[in-house]
Amino acid sequence: MTSARGLVAAQSARFTSLDPLLPSAVEPPTDGHVITAALADGARVAGVISHKTYEEHSTIRLWSTAHVWELLPLVGSSQGMDALLTRFRRHLDTHQPDDEDSACVVHWPSRDTRAARAFLDHGLVPLSVLAVRLRTPQPRVPRTLTIRRATPHDLDSVLELSLAELEYSSFVGGTIVRPEARAVKQRALAERLANASPIWLAERDGIAVALAECAIVSSEPGTMAATRLPRGRWGYVNCVSVLPGARGTGIGQQLVAYAHQELHRMGAVGTYLYYNPPNPLSSVFWPRQGYRPLWTVWEVRPAAALR
Ligand SMILES: CC(C)(COP(=O)(O)OP(=O)(O)OC[C@H]1O[C@@H](n2cnc3c(N)ncnc32)[C@H](O)[C@@H]1OP(=O)(O)O)[C@@H](O)C(=O)NCCC(=O)NCCS
């Protein structure tokens, strides 16, 4: 990829003009398969296809397929996404991904609508978005619930609320309720609670009715976060779940307002999360809490269904 540096620079400029919150483009990793395409005007575009298989019983398999073919496009300032996706399809023709538990994935700036057209034409769907909210004064939300930090003693409540979200999201997004889901979640949450991770419970009459499971993530040069977010400390809102019978009564709003306040107190410049556009609750809820899409995760399952 001789002109890779030029493409990276042009792609960074494209990102900046699309959305001021996008970080600069980076050179794709060297351990994937390089594809290139020539456009009608003579320009060339490139991309790297990375093929990963995630271990059984890993947390990642609760929201991802076992086998993932990810395209990292380097299209610079061109409208070359369609040509690159055609090459991606051709690459799959020679590798025949026949596993049903597989996907083709591309992360791309949400505001790049020209590229969105190409993704749709090739059978990819906007299965989730990475949405951000900068630290801004928020209207005071009157508190009617007890909100407190979860401890290892709360594992059962935290697990049930987390599984309720997993189940709901499995109907409207990429989440998969695998047979080992409970055991995998239990192990991960026990570890997070033991490490005093920023996890909060909202209680009504002493009963846990909602969960906000969060983390602090640093976007520094060389980190994965830096390829997605502006520099700085960020609050990551991993899972918010309100008990099924209690949804739509203002509990989520109260808990999230509290979590924002605490994450900012810990130094977060902003907060981010993933939600599924087909989720009729979260797709309304998160924009109401001040979030907006930065990256869209385009996906097609199984991988062989890429057009
Ligand atoms: C998404 C969720 C956390 C929101 O919490 P909630 O307590 O139900 O939401 P609230 O009652 O605080 O509602 C806040 C806003 O969201 C929107 N909203 C909530 N429920 C809604 C519904 N049933 N239909 C449309 N909008 C709704 C409303 O706009 C509301 O704002 P408003 O009252 O000012 O109009 C909760 O519904 C939930 O756990 N859903 C299932 C799991 C899930 O999807 N988690 C998020 C994954 S990213």
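# Notebook: ligand shell, a pocket and selected residues

**Entry 1. The ligand.** I record here that the model is a predicted one.

An oxygen atom of the ligand lies 2.4 Å from an N or O atom in the side chain of Arg288. Gly250 takes part through its backbone: a polar atom there is 2.6 Å from an oxygen atom of the ligand. For Arg247, I found an N or O atom of the side chain at 3.4 Å from a ligand oxygen. On its own the ligand has 910 Å² of accessible area, and the protein covers 76% of that area.

Entry 2. I next examined the second largest pocket, whose volume is about 240 Å³. The residues that line this pocket are Gln138, Pro139, Arg140, Val141, Pro142, Arg143, Gln254, Ala257, Tyr258 and Gln261. Sorted by class, the lining has 5 nonpolar, 3 polar and 2 charged residues.

I located Leu155 in helix α4. Leu155 counts as buried because its relative accessible area is 15%, which is under the cut-off of 20%.

**Entry 3. Thr65.** Is Thr65 buried or exposed? Thr65 is buried, because its relative accessible area is 2%. I placed Thr65 in the loop between β2 (44-53) and β3 (67-74). A polar atom of the Thr65 side chain lies 2.9 Å from the backbone oxygen of His67. The side chain of Thr65 also has a polar atom 3.4 Å from the backbone nitrogen of Ala103.

**Entry 4. Asp41 and Ser78.** I looked up these two residues together. Asp41 and Ser78 are 37 residues apart in sequence, and their C-alpha atoms are 9.9 Å apart in space.

Asp41 lies in the loop between β1 (33-38) and β2. Asp41 counts as exposed because its relative accessibility is 64%, and the cut-off for this class is over 50%. A polar atom of the Asp41 side chain is 2.9 Å from the backbone nitrogen of Ala43.

Ser78 belongs to the loop between β3 and α2 (81-95). With a relative accessibility of 15%, Ser78 counts as buried. The side chain of Ser78 reaches the backbone nitrogen of Gly80 at 3.1 Å.

**Entry 5. Backbone geometry.** I began this entry with a general point: most residues other than glycine have a negative phi, and most peptide bonds are trans. I then listed residues that depart from this pattern.

Which residues does a cis peptide bond join? I found that the bond joins Arg301 and Pro302, with omega at about -10 degrees. Pro302 is in the segment after β11 (292-300).

His57 is not a glycine, yet its phi is positive, near 65 degrees. I placed His57 in the loop between β2 and β3. His57 is classed as partly exposed because its relative accessible area is 41%, a value that falls between the cut-offs of 20% and 50%.

Asp205 likewise has a positive phi, of about 50 degrees, although it is not a glycine. Asp205 sits in the loop between β7 (199-204) and β8 (207-219). At 78% relative accessibility, Asp205 counts as exposed.

Methods:
Residues are numbered from 1 along each chain as its sequence is written. This is a predicted model: local features need pLDDT of at least 70, side-chain atom pairs count only at pLDDT 80 or more; totals for chains, interfaces and linings use all residues. Side-chain values use heavy atoms; hydrogens and water are left out. A polar contact is a pair of N or O atoms within 3.5 Å; within protein, one must be able to donate a hydrogen and the other to accept it, and residues adjacent in sequence count only if both atoms are side-chain atoms. Accessible areas come from the Shrake-Rupley method with a 1.4 Å probe; for residues, only the protein chains shown count as cover. On a 1 Å grid over the protein atoms alone, a cavity is a set of points where a 1.4 Å probe fits but cannot get out, and a pocket is an open set with protein on both sides within 12 Å along at least five of seven lines; lining residues have an atom within 4 Å of a point. Grid points are joined across faces, edges and corners, and a volume is the space filled by probe spheres set on the points. Ala, Val, Leu, Ile, Met, Phe, Trp, Tyr, Cys and Pro count as nonpolar, Asp, Glu, Lys and Arg as charged, and the others, Gly among them, as polar. Helices (H or I, at least four residues) and strands (E, at least two) are DSSP runs, numbered from the N terminus. Buried means under 20% relative accessible area, exposed over 50%, partly exposed in between (1.4 Å probe, protein chains only).
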